[in-house]
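Here is a short tour to read with the model open beside you.

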Amino acid sequence: LVFLELINSLIAAVISGILIIAGKKLFQSYKKKQHSKLFEKDFAFALLSLSTQLSIGVSYENALKNIAFSDYGIVSKEFQRVLEEIKKKNSSMHSSLFSLSERINSMTAKRGISQMVSAYDKGRKEASSDIKAIALELLNEQKNEARAFSSKIVVLSLMFIAVSAIIPAMFQAFITVGSMFLELDISPIQLLLIVSIGFPLIDLAMLSYIKLKTPAFLSE
C-alpha cells in the first residue's frame with residue numbers, strides 16, 4: 001500500500017516480516033545469553049556460601065533458602081524460583097534443580113548445578129567439600145577468562161583510539177588539503193553528516209562490541 005503497487009507492497013511486506021522475525025529471535029537469543037552470563041557471575045560465590053552453610057550443619061533446604069534471599073543477583077532469583085516450584089508445585093529438589101539447569105544456557109552453570117544435585121543425596125560434610133571444589137573450579141575459570149580478556153582489551157582499546165581519533169582526523173585533513181588540489185565529490189551537507197553522525201555511530205558500534213566481549217563478572 002505504501003508503494004501503491006501490489007508486487008512492491010508484497011515484497012516489502014515479506015522482507016519486513018523476515019527482518020522482524022529474525023530480529024526478534026536474535027534479541028531473544030542475546031537476552032538468554034546475557035541472563036546466563038549474569039548467572040555465572042555470582043554462581044561460584046553462591047556455591048561457596050552453600051558449602052560453608054552445609055559444613056556448619058545447616059540443612060540443604062535452609063542453606064538454599066538463605067542464598068535465595070541474599071544478594072546474589074540472578075542466582076538468588078533463580079533459587080527463589082526453585083524453592084517456589086518445590087513449595088507450590090510439590091516438585092522434588094532434583095527436578096527443580098534440573099529445570100534450573102535447562103533455563104541456564106551455560107555449560108559452566110550446568111556442571112555446578114549437576115554437582116548440587118549430586119551433593120543433595122550425600123552427607124553434609126561430603127556435600128560441602130564437593131560443592132566447594134566445583135566453586136573453586138568455577139572461580140579459577142573466571143580468573144583465566146579475565147586474563148584472556150586483559151590481553152584482548154589492549155588490542156580493542158587501540159582499535160577504538162584509531163576509530164575515534166586517528167581515522168576522523170586523517171579524513172578531515174584529507175578533505176581540507178585535498179579540496180585545494182582535487183575536485184572532491186562530497187557536498188558540505190554530506191561532510192557534516194559524516195563527521196557529526198557517521199563517525200560517532202562507528203564509535204558507538206565499537207563500544208558496544210567491547211561491552212559485548214567483556215565478561216559479565218568484569219562489567220560491573
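Where is N90 found?

## A loop residue

N90 sits in the loop between α3 and α4. Helices here are DSSP runs (H or I, at least four residues), numbered from the N terminus. The phi of N90 is near 55 degrees, a positive value in a residue other than glycine. N90 is also exposed, with a relative accessible area of 66%; exposed means over 50%, buried under 20% and partly exposed in between, with a 1.4 Å probe and protein chains only.

Some background before going on: this is a predicted model, in which local features need pLDDT of at least 70 and side-chain atom pairs count only at pLDDT 80 or more, while totals for chains, interfaces and linings use all residues. Residues are numbered from 1 along each chain as its sequence is written, and side-chain values use heavy atoms, with hydrogens and water left out.

## The nonpolar core

Turn next to the largest nonpolar core, which has 32 residues. Such a core is a set of buried Ala, Val, Leu, Ile, Met, Phe, Trp, Tyr and Cys residues joined through side-chain atoms within 4.5 Å. Those with the most contacts inside the largest core are F39, F43, L47, L50, F79 and M116. At least two residues of this core come from each of α1, α2, α3, α4 (93-103), α5 (107-120) and α6, and α1 gives the most, with seven.

Not counting residues up to four places away in sequence, L50 touches Y60, A63, L64, I67, M116 and I131; contact means heavy atoms within 4.5 Å.

S128 lies in helix α6, which covers residues 124-181. S128 is buried, with a relative accessible area of 7%.

Leaving aside neighbours within four places in sequence, F171 is in contact with L191, I194, V195 and F199. Of these, I194 is 23 residues from F171 in sequence and 9.9 Å away in space, C-alpha to C-alpha.

## The pockets

Pockets were found on a 1 Å grid over the protein atoms alone: a pocket is an open set of points where a 1.4 Å probe fits, with protein on both sides within 12 Å along at least five of seven lines, and lining residues have an atom within 4 Å of a point. Grid points are joined across faces, edges and corners, and a volume is the space filled by probe spheres set on the points. The largest pocket holds about 470 Å³ of space. Its lining has 22 residues, with K37, E40, E145, P215 and A216 nearest the centre. Two or more lining residues come from each of α1 (6-55), α6 and α7 (188-213), and α6 gives the most, with seven. By class, this lining divides into nine nonpolar, six polar and seven charged residues; Ala, Val, Leu, Ile, Met, Phe, Trp, Tyr, Cys and Pro count as nonpolar, Asp, Glu, Lys and Arg as charged, and the others, Gly among them, as polar.

The second largest pocket has a volume of about 220 Å³. Among the residues that line the second largest pocket are E61, K65, F69, Q80 and E84. The elements giving two or more residues to its lining are α2 (60-68) and α3 (74-88), with the largest share, five residues, from α3.
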